[in-house]
Amino acid sequence: MQFHHHGYVSGDPRVQPAAGVGVNRPDDLPDEIDVLIVGTGPAGMMTAAQLSQFPGVTTRIVEKRNGRLAIGQADGIQARSVETFQAFGFADRITAEAYRITEMAFWKPDPQDPSRIVRTARTPDDAVGISEFPHLIVNQARVLDYFAEFMANAPTRMRPDFGYEFRTLEIGEGEYPVVVTLVRTGGEHAGQECTVRAKYVVGSDGARSAVRDTIGCRPVGDKAFHAWGVMDVLAVTDFPDIRTKCAIQSGSGGSILHIPREGGHLFRMYVDLGEVAPDDNGKVRTTSIEQIIAQANEILHPYTLDVRDVAWHSVYEVGHRVTDRFDDVPAEEVGVRTPRVFITGDACHTHSAKAGQGMNVSMQDGFNLAWKLGHVLEGRSPESLLSTYTAERQVIAQNLIDFDKQWSSMMATRPEDFDSPSELEEFYVKTAEFPAGFMTEYAPSMIIDDGEHQHRATGFTIGKRFKSVQVTRVCDGNPVHLGHQHRADGRWRIYVFADAAGSAGPAVSHLASWLLKSPDSPVVRYTPPGHDAESMFDIKVVHQQPHVEIDLGEVPAAFLPTVGRFELTDYENVFAAGPGTDIFDERGIDRDGAIVVVRPDQYVAQVLSLDATASLASFFAAIMIAQPDAAQTEELV
């Protein structure tokens, strides 16, 4: 963590100086807002947290509840989400309080006595090292708390506006074209309507989204007509794997997905309640907690479960739906106008909870959308950038639905109906990368290159997230993960992997000079007057040589930028491979060097050779707006 660059900091360095709309932020909801987010679930809070880093953007997030969520339905935190939390600065703290999944046990009917269950397999949760981050279980409410803290400490001093329920919206003309009607839900103003005008609205208001319905989006899909009871409980049991994640299939045909929770005692069980008749009309949802517990005991035989306390329970039917579009632009108007209203999270996609994907995919919806809104509203990028949100995330949602259909169907299958006795556990291991959140791969677009030069860095797949490797920071010799230096600050990353000659050699020196001086350089072309050179782009160099062989005095200024009002030198952008792990070998980086461009949401956008400055300039020319230089600014004034 870097601080002091604006002056000495004696307090909590996570609290950034207030700036822009965060200075004297009004308590009341403004009449005019740049972005109005509806709903403080994971998708909404992620969107708000990222936008809180844009001081020039007025963002407010409203919630019909009158306070924070006490207990959330979601609890699974996949490794990709923990990686994202690292960018928001709280991965280590949430990991410390969470339950960490390291393996999964599989229980099936005893061949000698099918009325009893026996353990048949244990499989590692991440056998191939997909990520350096763990798979966690933690209450959704705590995730929201951490995002709320990040927002409160951000330059915009953002916080949720509780007690506002969305009613309707209309899209008109003008600078603030979206007119939103809200109703106060508590306090002395309960029942009172208010109207706000917004440039953009984000509906993160859940599976029954009113924002989605208002803009005419339609969930498409089906119900599986299979019900599950879910309960978070404290209990006494003789089941030996009560603190291990388990898939349990009984001889009676019933199944349990068992998830230990944080804190050492709490656990969650998804209990199979069987098929639901098409004409059930929701009757299964009246299943009592006593019935769920009884069914769990029947499945667990010969083990018993004595529930002492129920923290939360519910009954749901598996449904698999993806909304036909994720914004307000009908198919016939795509390319004609840009969106004004977006939907994220459960408003876009609904599925079973057993793959642990709901909260995770929802947060990535918000991460994808928020930086794009920030760039457009701060004048960094054209409005056309916003059309990439639906194009990218709708495909990911459909992939999730397809995976979840298969997984939830297998969980509900009787053991004797599998082709192989080990089919369930084999599927779990084989598909591990998908539920971990690392199969997302965005197609070529204005912000994803076509991959012509992918061979320069085969391990940084264009369209997929930047997979970190440990390197050595030259200035202090500290081993750090390169990807962990990526903060959720809205900046693009340009990683320069030096050739054998290093940063003092002609190839890297020429590139560094071009980045700082050429009028075609994205740094020169798109950095507003008066801003630090690294305010829009985070540029880092990684050498092949050991760090002790690198002289910082010979490193070009592009990698040693000056920051803050005292124009201090930032030394933490220069790295070396190894020791122990060579990033060039680990990620298939050409020894002649490479440029890897990474989006603000951590996805690789472009791979180039060190001399491909024209391609780098061309890529950003399509997605960013040139800023006036100092001379032009004086003329405008």
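Q: Is Arg93 buried, exposed or partly exposed, and what is its relative accessibility?
A: Arg93 counts as partly exposed, because its relative accessibility is 27%. Buried means under 20% relative accessible area, exposed over 50%, and partly exposed in between (1.4 Å probe, protein chains only). This is a predicted model: local features need pLDDT of at least 70, side-chain atom pairs count only at pLDDT 80 or more, and totals for chains, interfaces and linings use all residues. Residues are numbered from 1 along each chain as its sequence is written, and side-chain values use heavy atoms, with hydrogens and water left out.

Q: Which residue does Arg93 form a salt bridge with?
A: Glu149. The closest N and O atoms of Arg93 and Glu149 are 2.4 Å apart. A salt bridge here is a side-chain nitrogen of Lys or Arg within 4 Å of a carboxyl oxygen of Asp or Glu.

Q: Where do the two sit?
A: Arg93 is in helix α3 (residues 91-97) and Glu149 is in helix α4 (residues 140-153). They are 56 residues apart, so the pair links distant parts of the chain. Helices (H or I, at least four residues) and strands (E, at least two) are DSSP runs, numbered from the N terminus.

Q: OK, what about Glu392, which partner does it have?
A: Glu392 forms a salt bridge with Arg599, with 2.7 Å between the closest N and O atoms. Glu392 lies in helix α8 (residues 388-411), and Arg599 lies in the loop between β26 (594-598) and β27 (604-608). The pair therefore ties together parts that are 207 residues apart in sequence.

Q: Is Glu392 buried or exposed? And Arg599?
A: Glu392 is buried, at 5% relative accessible area. Arg599 is buried too, at 0% relative accessibility.

Q: What joins Arg473 and Glu572?
A: A salt bridge between their side chains, 3.7 Å from N to O. Arg473 is in strand β19 (residues 470-473), while Glu572 is in the loop between β24 (568-569) and β25 (574-577). Arg473 counts as buried at 11% relative accessibility. Glu572 counts as partly exposed at 26%.

Q: How many salt bridges are there?
A: The count comes to 40. Some share partners: Asp75, Asp232, Arg261, Glu262 and Arg268 are joined into one network.

Q: Switching topic: how many helices and strands does the chain have?
A: 14 helices and 27 strands.

Q: How much of the chain is buried?
A: Buried residues make up 56% of the 637 residues.
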